[in-house]
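Visitor: Please pick one part of this model and give me a close look at it. I would like to see what lies beside it and how that leads on to the rest of the chain.

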Amino acid sequence: MLENLFNFTFLSKAASISVLDILFALAISFALGLFIFFVYKKTFNGVMYSSSFGISLIAMDMITTLIILAVSSNLIASLGMVGALSIVRFRTVIKEPLDLVFLFWSITAGIIVGVGLIPLAVIGSVVIGVILFVFVNKKTTDTPYVMIISCEDNRAEADSIALIKAQAGKYLLKSKTVSAGGVELTLEVRLKENTAKLVNNLLAVGGVQNAVLVSYNGEYYM
């Protein structure tokens, strides 16, 4: 009676995964997570850098490896894991497209390590990291900027547009606000040279109250 009471049959159903195999898989996942975090830190071009997001990439890689080890070694665990993960909902908004790439990269690396394809995970991560280094950090002279100009009247507006047309490579009017105090223009401009001389020249135009030039990250909100 006592033997049946303490006979935990579910322990016999678990597949035998050695401790060394688990530690080795977690070590590889940790190393790949560090590499992904390093690439994320060096290629980040957003507004606010989040170190917690970089650390979450390492944790995501290792957690995914544990899940795949459990799923691949036990049928009951795989069914339970599918049911548990199906009710998880993520509410965090991904603002940077590259953040989604790094999340998917971290999860994919954990999956590949979990199934034992370690050379594929290492070589693939190195290739992806090199590609991101080359293309994300690639400098371009055709950098977009947002320019905000405050004018007193329509004549100052016309003179400002004429000056931008003559000295800027390209420009596009984004918005125009007219009030009793004057006119405010918001434009996307691409400078012929990586200098801010255009802003100084705009202040010399009669009727221009102020001019602001800011970096443009590809997002625009009305």
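Guide: Let's begin with Tyr145, which stands opposite Ser215 in strand 4. The model is a predicted one, in which local features need pLDDT of at least 70 and side-chain atom pairs count only at pLDDT 80 or more, while totals for chains, interfaces and linings use all residues. Numbering starts from 1 along each chain as its sequence is written, and side-chain values use heavy atoms, with hydrogens and water left out.

Helices (H or I, at least four residues) and strands (E, at least two) are DSSP runs, numbered from the N terminus. Two strands pair if DSSP finds at least two bridges between them. Strand 1 (residues 144–151) pairs with strand 4 (residues 208–215) in the antiparallel sense, over seven bridges. With strand 3 (residues 182–191), strand 1 forms eight bridges, again antiparallel; Ile149, for example, has Leu185 in strand 3 as its bridge partner. Seven of the eight residues of strand 1 are buried, meaning under 20% relative accessible area, with exposed over 50% and partly exposed in between (1.4 Å probe, protein chains only).

Contact means heavy atoms within 4.5 Å.

Now for the cores. A nonpolar core is a set of buried Ala, Val, Leu, Ile, Met, Phe, Trp, Tyr and Cys residues joined through side-chain atoms within 4.5 Å. The largest has 20 residues, and Leu57 and Phe102 have the most contacts inside it. Tyr145 belongs to a second, separate core of 19 residues, which also includes Ala156, Val189 and Val208.

Phe102 is among the buried residues of helix 6, as are Leu103 and Trp105. Leaving aside residues up to four places away in sequence, Phe102 touches Ile36, Val39, Tyr40, Thr43, Leu57 and Leu132. Helix 6 (residues 97–114) has 18 residues and should span 26 Å at 1.5 Å a residue, which agrees with the 26 Å between its end C-alpha atoms; the expected span is 1.5 Å times one less than the number of residues. After helix 6 comes Gly116, with a positive phi near 95 degrees.

Phe102 also joins Phe35, Tyr40, Phe53 and Trp105 in a cluster linked by ring pairs. Rings of Phe, Tyr and Trp (its six-membered ring) pair if their centres lie within 6.5 Å; planes under 30 degrees apart count as stacked, over 60 as edge-to-face and the rest as tilted. The count comes to five aromatic pairs. In one of them, the rings of Phe38 and Phe133 have centres 6.1 Å apart and planes at 55 degrees, so the pair is tilted. Phe38 in helix 3 (residues 19–43) and Phe133 in helix 7 (residues 118–136) are 95 residues apart. Phe38 counts as partly exposed because its relative accessibility is 42%, and Phe133, at 28%, also counts as partly exposed.
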